[in-house]
Amino acid sequence: MNVQLAERKIAEWAAANAAALGMSPERIQASYIYNPGGFGNLSIRLTDGASRLHVKLAPPYKRTRLQQWARVSDYLALHYSAPMLIHEINEEVVPGYPYGLVFEYIEDAVPLAEIHNANEIRSAVLKIIAKLHHDEELRELLPVTATRSYAEAFEEEYLTRFTEDLDGIRESRELLKDFVTDETLTWFGEEIEKLREIISQTPAFQKAAVDVVHNDLNGNNVLVRGDGSFRIIDWDDLTGQGDAAMDYSVLLWPLADDPSWPNWREKVLAAAGDGVVERLELYFRAKLLDDVIDVLADYVEAEQVPEYREEAQRKSKAIHLFSYPKYLAKYEANS
């Protein structure tokens, strides 16, 4: 991806559509927003000196997810602190990105992940997503395919992705040879199958997946403003056939090994019940494995963005090298 080309193309498009965006065409500037979670979508910040907007562009394989967000954006903004949608982009402004959305820019905001004492905010988010999980009105607005189980939801969210990651990692083996061995790659495949077997044998995963879930509720997707209010962003993966345990696991992952975890576990138990708590433990396991395997896929993908390659690869390598021995110590000793 050519970052400078993307910035220029978006600035030109914004100038031509300034009236619809409420911006001054003569002063528009565009700047790339680095996403530490990966390089799938393309995010650009627009400003005319007086106001700012956030542009999110999707490659073809993510287009339908972004279009779904657009269809329910007003509902999400009203009920779930999502950003307001300003404009849809139905043309390929940047090569390789045929669709996009323009949102309000969340001013004076810091990601939840960067806030040291965030218990009050995290509790507030917990209450909102507990309501989300049972929102039948929203569920009716989302596409529903054949009924699937919680096991199938877990398979799609983690195991399928891990398998795809592993294929990509093997294809780019040379990039990782300094710190990832062939034995490690073999272990990845074995561990994916081990998780698949555990999920298939756990009764709590065999029920129908009917929860409305955000699916990517990590600390970078909750933006906290100076007045204590917050916005929940990145609703691309919203589904009405998901697992509430997925949202709880990603939101509470930073506290999984914290002394306060029993208190948070009780909050989840009170809000969602023992089935969710049982599945939550396996989602935590998958989340740690995500920091072992998926970050290596991010390492490989960073080759596509030379301007951020060094920073992204340094971070991905560090996360992998920290998480791999932690995973082995926590789960291999008990297998």
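A crossing of two helices is called left-handed if the near helix is turned anticlockwise from the far one by less than a right angle.

Confidence in the prediction may be considered before the packing itself. The protein chain has an average pLDDT of 94, and 98% of the residues score at least 70. Within the chain, the lowest confidence is found in α12, with a mean of 93, while strand β7 (residues 211-213) has the highest, at 98.

Two packed helices are described by the angle between their axes and the distance between the axes. For helix α8 (residues 182-200) and helix α12 (residues 306-332), the axes come within 14 Å and cross at roughly 50°. The two helices are therefore oblique to each other. On the α8 side, the contact is made by Thr184, Trp187, Phe188, Glu191, Lys194 and Leu195; on the α12 side, His320, Tyr324, Tyr327, Leu328 and Glu332 take part. By class, these residues comprise 6 nonpolar, 2 polar and 3 charged.

Helix α8 also meets α11, and here the axes come within 12 Å and cross at roughly 160°. Because angles over 145 degrees count as roughly antiparallel, α8 and α11 are assigned to that class. Their crossing is left-handed. From α8 the contact draws on Trp187, Phe188, Glu191, Ile192, Lys194, Leu195, Ile198 and Ile199, and from α11 on Leu282, Arg285, Leu289, Val292, Ile293 and Leu296. The contact of α8 with α11 contains 11 nonpolar and 3 charged residues, with no polar ones.

Residues of α6 in the contact include Tyr150, Phe154, Tyr158 and Arg161, and among their counterparts in α11 are Arg279, Leu282, Tyr283 and Asp290. The contact has 13 nonpolar and 6 charged residues, and no polar residues.

Attention may now turn to charge pairing. Side chains of opposite charge can pair when their charged atoms come close. The model contains 18 salt bridges. One of them joins the side chains of Lys56 and Asp236, at 3.0 Å from N to O. Lys56 belongs to strand β3 (residues 52-58) and Asp236 to the loop between β9 (230-232) and β10 (239-242), so this pair ties together parts that are 180 residues apart in sequence.

Note on methods. Residues are numbered from 1 along each chain as its sequence is written. This is a predicted model: local features need pLDDT of at least 70, side-chain atom pairs count only at pLDDT 80 or more; totals for chains, interfaces and linings use all residues. Side-chain values use heavy atoms; hydrogens and water are left out. Axes are lines fitted to C-alpha atoms, for helices over the stretch in contact, and angles run from 0 to 180 degrees between N-to-C directions. Helices (H or I, at least four residues) and strands (E, at least two) are DSSP runs, numbered from the N terminus. Angles under 35 degrees count as roughly parallel, over 145 as roughly antiparallel, 65 to 115 as roughly perpendicular and the rest as oblique. Contact means heavy atoms within 4.5 Å. Ala, Val, Leu, Ile, Met, Phe, Trp, Tyr, Cys and Pro count as nonpolar, Asp, Glu, Lys and Arg as charged, and the others, Gly among them, as polar. pLDDT is the predictor's confidence in each residue, from 0 to 100. A salt bridge is a side-chain nitrogen of Lys or Arg within 4 Å of a carboxyl oxygen of Asp or Glu.
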